[in-house]
Amino acid sequence: MTQNSILRTIAKFLLPIILLYAFYVQFHGDYSPGGGFQAGVIFSSAFLLYALVFGLDAAAKVMPDWVLSTVACLGVLLYAGTGIAGMVFGGEFLNYSTLASEPVAGQHLGIILIELGVGLTVASVMLIIFFTFARRIRTQ
Amino acid sequence: MISLVIDIVLLLFLVVMAFAILRMHHLLAVAMLFGLYSLLVAGVFTVLDAPDVAFTEAAVGTGISTVLMLATLAATRSTHERRRKGVAWMPLCICIATGALLIYGIHNMPNLGDPTAPQHTEVAKRFIESGQAETGVPNLVTAVLASYRGFDTLGEVTVVFTAGIGVMLLLVRREKPRIRGEQHDAK
């Protein structure tokens, strides 16, 4: 935890912007550059900044470990589940055309869902890796 | 003309950065320079009209991996690379041979952006022609990654997930398993 008030103020100012940008990249990925992977990394970088400035404990309070590991699993499950849902509705695995009444709408829905899955997993795994690495520093 | 200048400046800085990393022995500085290197590569990708890749390179290469590198340095408490005496001939030969092979491979490749190149006439052509009509997504990169190549991306997400599990299994400190009765002895 740093006592530098300039750093703390700037970090507080930047955090909501970074998070908002991550959501923009996530949900606007169909229309502009970006997608789940980039959004996940940007989202996790906001928490990285928080942890670097306000300390590991404060960051772990916002994002406990069990939340991270649950969300990481949920992301992969959401992705694979969307694929299986395509099978259930009569298509092939990961063919989203059957998810909605029209093939194009189904494709769009499927892409949004799997991008969300990618974003969830990437964001939480990046944070898991960072937290695990950073805790090694303290315990030594 | 301007794009040529930008290309040359970016590539020149990449080479300068590579030599700076080679000459540097302070690992903190090397980690920061690697971040800068990634940023330059992201710039090159932007010039090449690949904003999605540039985005990933800037976020992962410059952001996350630099922070992870710094965290690792802080955890190992070793700040300087061990200096080696003399030249390591074997690795040098392997590097030069690999580089020569790669440059030899380049000269058979079609020119950058050549519309008659095989990779642009077969699959990519079909994606560009019918991608938006089939998926309803204007960003073709997303359409290809998420829909046409959905299975690959599922694999990638699984790789990221597995990396997370691996780090947790290897590095998360848990209490040592106790044999029953040991606790009483300790007291």
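At 68% relative accessibility, D49(B) counts as exposed, where exposed means over 50% relative accessible area, buried under 20% and partly exposed in between, with a 1.4 Å probe and protein chains only. This is a predicted model, in which local features need pLDDT of at least 70 and side-chain atom pairs count only at pLDDT 80 or more, while totals for chains, interfaces and linings use all residues. Residues are numbered from 1 along each chain as its sequence is written, chains are lettered from A and ligands numbered from 1 in the order in which they are written, and side-chain values use heavy atoms, with hydrogens and water left out.

D49(B) sits in the loop between helix 2 (27–47) and helix 3 (51–76) of chain B; helices here are DSSP runs of H or I with at least four residues, strands are runs of E with at least two, and both are numbered from the N terminus. The phi of D49(B) is near 65 degrees, a positive value in a residue other than glycine. Most residues other than glycine have a negative phi.

## A buried loop residue in chain A

L94(A) also has a positive phi, of about 65 degrees, although it is not a glycine. This residue lies in the loop between helix 4 and helix 5 (103–139) of chain A, and L94(A) is buried, with a relative accessible area of 7%.

## Where the two chains meet

In the contact between the chains, 38 residues of chain B meet 43 residues of chain A, contact being heavy atoms within 4.5 Å. About 3,800 Å² is buried between chain B and chain A, and carbon and sulfur atoms give 76% of that area; buried area is the accessible area, taken with a 1.4 Å probe, that two parts lose on being put together, summed over both. On the chain B side, F55(B), I64(B) and F161(B) lose the most area to chain A, together 15% of what that side buries.

T153(B), in helix 8 (residues 150–171) of chain B, is buried at a relative accessible area of 9%. Leaving aside residues up to four places away in sequence, T153(B) touches Y79(A), V118(A) and L145(B).

## Annotated spans in chain A

An unreviewed UniProt entry places the feature "transmembrane region" at residues 9–27, 39–59, 66–89 and 109–134 of chain A, and such annotations may be inferred rather than shown by experiment. Residues 9–27 of chain A are 100% helix and 0% strand, with end C-alpha atoms 28 Å apart, whereas residues 66–89 of chain A are 96% helix and 0% strand, with end C-alpha atoms 33 Å apart.
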